[in-house]
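Subject: The structure we talked about

Hi there,

Here is the structure I promised to pass on to you.

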Amino acid sequence: MPTAAACGSGGDDAPKNVSAKTAALGTLTPGVIKVAVQPYAPYTSVQGGKIVGLDGDILNYAAKKLGLTVKPQVTDFAGMLAGVQSRRVDITVGGVAWTAERQKQGLFTDPPYYSPPAMAVRSGKTYKTVDDLKGLDLGTVEGYVWVKSIQSVPGATLHAYPDANGVFDDLGAGRADVGFLDPLIIIAAQKERPELKIRTEYLTPPTAAQVKAKPAYAYFQPYQTGFYLPKKATALEKAVSAQIDAMYANGEMAKLVTKYGGDPQQFLKPSADVATARRGVDRPQDWTPPSVAAQ
């Protein structure tokens with residue numbers, strides 16, 4: 001395991017008396033987990049040097065169980081992915097979608113939650129299916145999985161923004177028709193920015209035939225999120241995944257999703273393609289995604 005000095009991270013941040021079990025997790029600085037996040041409330045934000053929000057609470061819970069001190073670094077979404085892939089940080093969290101391409105360049109934990117396909121739309125407008133999106137101005141954040149999906153919609157124009165605020169600003173101004181963002185972001189914006197007159201709609205997922213014809217439409221289906229780690233961080237990934245699975249079992253994950261306005265039955269139950277996407281790719285053939293019991 002590299003020492004803090006060898007990693008150039010400085011030993012001053014390292015907690016005293018780190019246990020051998022915690023040190024064996026192989027973080028850049030023993031006893032510290034450095035996490036890259038973007039300002040993306042209510043999933044991630046940093047207040048008083050601490051990460052808060054849904055993903056923040058999940059990571060803080062897991063880190064405490066593992067004896068790790070969480071040290072957040074604020075960047076943008078592209079910087080989050082790059083920080084992991086170059087191993088400048090130990091992990092990134094905050095609505096990061098699992099994709100086959102991303103897993104080639106890093107490691108994903110088991111899904112902390114699953115995200116239904118949500119749309120921010122201007123009041124008075126209704127869009128239900130992918131066909132309804134043809135020819136529209138569609139917005140999302142640069143680097144998000146919906147970029148490829150939007151580019152596959154006939155006649156649609158992609159508007160990619162540095163952050164979610166750009167999506168909401170253009171929706172409110174009428175420069176965009178639909179914004180694809182994580183659902184808790186849209187729900188929060190409805191409450192915090194009523195002057196925009198936007199609301200949340202859920203897209204009816206495309207059929208298997210539609211996805212076969214246009215593979216990028218797969219990202220218009222519910223997607224599995226993950227905490228994203230460097231390729232070499234195998235011990236840390238396994239440890240964090242074990243904590244995520246335990247949080248499903250003990251009710252902690254449902255409690256946190258509810259805290260931030262989500263429905264556990266939507267956020268914590270995988271669709272059928274979650275297992276098939278990862279089996280034999282970055283999970284064993286018999287892998288079962290974590291899930292809450294049906295109500």
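A residue counts as buried when its relative accessible area is under 20%, as exposed when that area is over 50%, and as partly exposed in between (1.4 Å probe, protein chains only). Please keep in mind that this is a predicted model, where local features need pLDDT of at least 70, side-chain atom pairs count only at pLDDT 80 or more, and totals for chains, interfaces and linings use all residues. Residues are numbered from 1 along each chain as its sequence is written, and side-chain values use heavy atoms, with hydrogens and water left out.

Let me start with Glu252. Its relative accessibility is 16%, so Glu252 counts as buried. Glu252 lies in helix α11, which covers residues 252-259; helices here are DSSP runs of H or I with at least four residues, strands are runs of E with at least two, and both are numbered from the N terminus. Beyond its neighbours within four places in sequence, Glu252 is in contact with Tyr61 and Met247, where contact means heavy atoms within 4.5 Å.

- Arg87 counts as partly exposed because its relative accessibility is 27%.
- With a relative accessible area of 59%, Lys197 is exposed.

There is also a cis peptide bond between Ala41 and Pro42, with omega of about 10°. Pro42 belongs to the loop between β1 (32-37) and β2 (45-47).

As for the protein chain as a whole, its secondary structure comes to 13 helices and 14 strands. Why does a radius of gyration of 19 Å agree with a compact globule? For 295 residues such a globule would have a value near 19 Å, so the chain agrees with it; the radius is taken over C-alpha atoms, and the rule is 2.2 Å times the number of residues to the power 0.38. The C-alpha atoms fill a box of roughly 60 × 40 × 35 Å along the principal axes. Of the 295 residues, 53% count as buried. Among contacts between residues at least 6 apart in sequence, 68% join residues at least 24 apart.

Best wishes
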